[in-house]
Structure formats: structure tokens, C-alpha cells
Amino acid sequence: MTDADQAASLEEQIEQWRSYLRRRQAIHSVDVAELEDHLREQVAVLVGAGLDTDEAFLVAVKRMGNLDVLSREFAREHSERLWKQLVLVPSDSEGLRATSRTNAIVAVGLAVAAAVAIKLPALFGIPLDSHAGFSSAI
Amino acid sequence: MEINKDLIAASSTPIVLAILAEEDSYGYQILRRVRELSGGCLEWTDGMLYPVLHRLERLGYVEARWEVAESGRRRKYYGITPQGRAQLAAERRQWEAVSATLRGIWRELSLLPPAGVPGVAPRLQGA
């Protein structure tokens with residue numbers, strides 16, 4: 001990659017990183033600008049030490065820390081932003097928990113429905129195995 | 001050696017205030033100074049410095065201003081306020097009290113023979 005390509009690729013990566021941060025309600029655009037200045041200086045120092053811009057970007061992002069944790073710290077400090085964090089942007093793990101809870105409810109619901117479906121004929125006085133066609137077909 | 005998170009969190013205020021008492025600075029440079037002063041012992045996750053700086057700003061211990069750096073980018077600089085200096089002096093007294101207490105007990109312990117050495121009866125001071 002030429003220097004120009006590397007610079008373009010870095011800008012693209014920073015743009016992605018920035019838009020990812022902007023989705024965090026607890027981190028305002030002015031904070032994103034402050035963090036971006038940090039990221040860019042870190043990348044420049046690492047490139048100066050001999051890393052490719054791609055490598056430097058990855059290291060700089062990693063040193064910045066986990067964005068969920070960071071976003072929570074920002075929310076804690078700027079508590080007036082906290083409700084947005086809670087209401088609008090559940091972190092990925094919270095999202096997963098919600099999904100698995102939904103799945104559990106659906107599973108229980110289906111089990112109940114299946115049990116009812118099995119028992120239903122009996123309720124109307126029709127034993128299941130009396131249907132010859134049903135059992136012989138299996 | 002890794003220093004535990006509670007200690008890192010507790011020491012972050014006096015460390016940041018003391019660095020800013022040396023001169024006005026910005027995030028990246030503050031972290032570099034922390035690394036330099038601690039010989040790499042205090043490893044802060046870079047991003048976590050910023051909520052700390054914002055808390056100090058909210059408490060009135062530091063003031064922030066945006067300037068255009070040599071790179072041409074806008075950069076947020078922080079400076080300590082008189083209130084921040086007073087807080088730093090108070091924190092310093094507390095940490096010195098803790099550190100003096102520990103130094104005292106370390107000294108007492110170093111006068112005792114190492115524990116658990118077979119065949120050596122414990123000898124107390126003056127015995």
C-alpha cells in the first residue's frame with residue numbers, strides 16, 4: 001500500500017470508529033472529538049515507532065479500552081445522560097440477555113401448547129391411539 | 001507488578017491533579033506522564049482517563065479549554081484551579097498519612113525473623 005492508500009484507509013477506519021462511538025448516547029460529540037484526538041496521536045506515535053497504520057490503529061483502539069465499559073463510565077459521570085443509555089441503547093450483553101429471556105418464554109409457551117394439544121382429544125373423549133390411521137402411518 | 005483497580009481508581013485524582021499542577025496538559029500527555037512517573041506500574045486504560053477528567057472539571061478542580069494544536073487538530077487542554085490545588089493539598093496529606101502508617105508497620109515487620117523457619121525460635125526485640 002502506498003502512503004496515500006494507508007492514509008485513506010486510516011481515515012476510513014477512524015470514520016467507522018467515530019460513527020460507532022456516536023451511537024453511544026452517553027458519549028457526546030464533543031467527547032468523541034476529544035477521544036479521536038487521543039486516538040490519532042496514539043496512531044501517529046506508533047507509526048513513528050515503525051508500525052503500519054493498520055497495526056497502529058488496532059493497537060490504539062485496544063488501548064482506548066472496551067467501548068461498552070467506557071460508555072458506562074461516561075454515563076456514570078454524566079448522569080444526566082444515563083437514562084438515554086438505559087432506555088435507548090442497551091449494551092450488547094443486555095440485548096443478548098433480553099433475547100434469551102424471550103426465547104425461554106417462547107419455549108415454555110410452546111411446551112404448554114404441545115401438552116394441551118396432546119391432551120385436547122382426550123378432553124373431548126377421543127383417545128389418541130383409537131385413531132388407527134394415526135399410529136399405523138408412523 | 002500490577003496494581004489493583006481500587007488503588008488505581010483511588011489514586012487517579014491526586015495523580016491527575018499533581019500532573020496538572022506541574023503544567024497544563026491534555027489527555028494523551030497526562031497518560032504518558034503517568035506511565036513515566038510510575039515506571040509502567042500504573043497501567044490505565046486510555047479511555048478511562050476522560051471520565052476522570054470530566055469529573056474533576058465538574059467538581060471545579062480543573063478547567064478545560066479547546067485549542068488548536070500544532071497538528072492543526074482541536075485539542076482539549078486542562079489546567080488546575082485554585083480549588084483543585086486545595087484539593088490536591090488535602091489528598092496529599094491523606095496519602096502521606098496512609099504511606100507513613102504502612103512504612104511504620106513494614107519497619108516493625110522487618111525486625112522480626114522470617115516466619116515459619118524451622119528450628120529458629122522467634123526472638124523478640126530486646127530479648
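**Entry 1: A:S9**

Is A:S9 buried, partly exposed or exposed? I looked this up in a predicted model, in which local features need pLDDT of at least 70, side-chain atom pairs count only at pLDDT 80 or more, and totals for chains, interfaces and linings use all residues. Residues are numbered from 1 along each chain as its sequence is written, while chains are lettered from A and ligands numbered from 1 in the order in which they are written. I find that A:S9 counts as partly exposed because it has 15 C-beta neighbours inside 10 Å; a residue is buried if 20 or more other C-beta atoms lie within 10 Å of its own, exposed if 12 or fewer, and partly exposed in between, with C-beta atoms placed from the backbone. I place A:S9 in helix 1 (residues 3-22) of chain A, where helices (H or I, at least four residues) and strands (E, at least two) are DSSP runs numbered from the N terminus. Setting aside residues up to four places away in sequence, I see that A:S9 touches A:T53 and A:D54, a contact being a pair of residues whose C-beta atoms, placed from the backbone, lie within 7 Å. A:T53 is 44 residues from A:S9 along the chain, and their C-alpha atoms are separated by 8.4 Å.

**Entry 2: the two chains**

I then went through the elements of each chain. Chain A has seven helices and zero strands, and buried residues make up 18% of its 138 residues. Of the contacts in chain A with a separation of 6 or more, 51% are accounted for by residues 24 or more positions apart. Chain B has four helices and three strands, which run α-β-α-α-β-β-α from the N terminus on. Of the 127 residues of chain B, 19% count as buried, and among its contacts between residues at least 6 apart in sequence, 48% join residues at least 24 apart.

**Entry 3: the sheet of chain B**

In which order do the three strands of the open sheet in chain B lie? I read the order as 1-3-2, with antiparallel pairing, where two strands pair if DSSP finds at least two bridges between them. The edge strands are strand 1 (25-26) and strand 2 (62-68) of chain B, each of which pairs on one side only. Strand 1 of chain B pairs with strand 3 (residues 74-80) of chain B over two bridges, and I note B:S25 standing opposite B:Y78. Strand 2 of chain B pairs with strand 3 of chain B over seven bridges, in the antiparallel sense, and B:V68 has B:R74 as its bridge partner. These two strands form a hairpin with five residues between them, and B:G72 in the turn has a positive phi of about 90 degrees.

**Entry 4: the nonpolar core**

I looked next for nonpolar cores, meaning sets of buried Ala, Val, Leu, Ile, Met, Phe, Trp, Tyr and Cys residues joined through C-beta atoms within 7 Å. The largest has 29 residues, and those with the most contacts inside it are A:A60, B:V16, B:L17, B:L20, B:L53 and B:V62. Helix 1 of chain B gives the most to this core, with five residues. I also checked A:A60, which, leaving aside its neighbours within four places in sequence, is in contact with A:L39, A:Q42, A:V43 and A:L46.

**Entry 5: where the chains meet**

How many residues of chain A are in contact with chain B? I count 17 residues of chain A in contact with 14 residues of chain B. Helix 2 of chain A gives the most to the side of chain A that touches chain B, with nine residues. By class, that side has five nonpolar, four polar and eight charged residues; here Ala, Val, Leu, Ile, Met, Phe, Trp, Tyr, Cys and Pro count as nonpolar, Asp, Glu, Lys and Arg as charged, and the others, Gly among them, as polar.

Helix 4 of chain A and helix 3 of chain B pack at an angle of about 5 degrees, with their axes 9 Å apart; axes are lines fitted to C-alpha atoms, for helices over the stretch in contact, and angles run from 0 to 180 degrees between N-to-C directions. I therefore record helix 4 of chain A as roughly parallel to helix 3 of chain B, given that angles under 35 degrees count as roughly parallel, over 145 as roughly antiparallel, 65 to 115 as roughly perpendicular and the rest as oblique. The contact is made by A:E73, A:F74 and A:E77 of helix 4 of chain A and B:P51, B:H54 and B:R55 of helix 3 of chain B.

Technical notes: Two residues are in contact if their C-beta atoms, placed from the backbone, lie within 7 Å.
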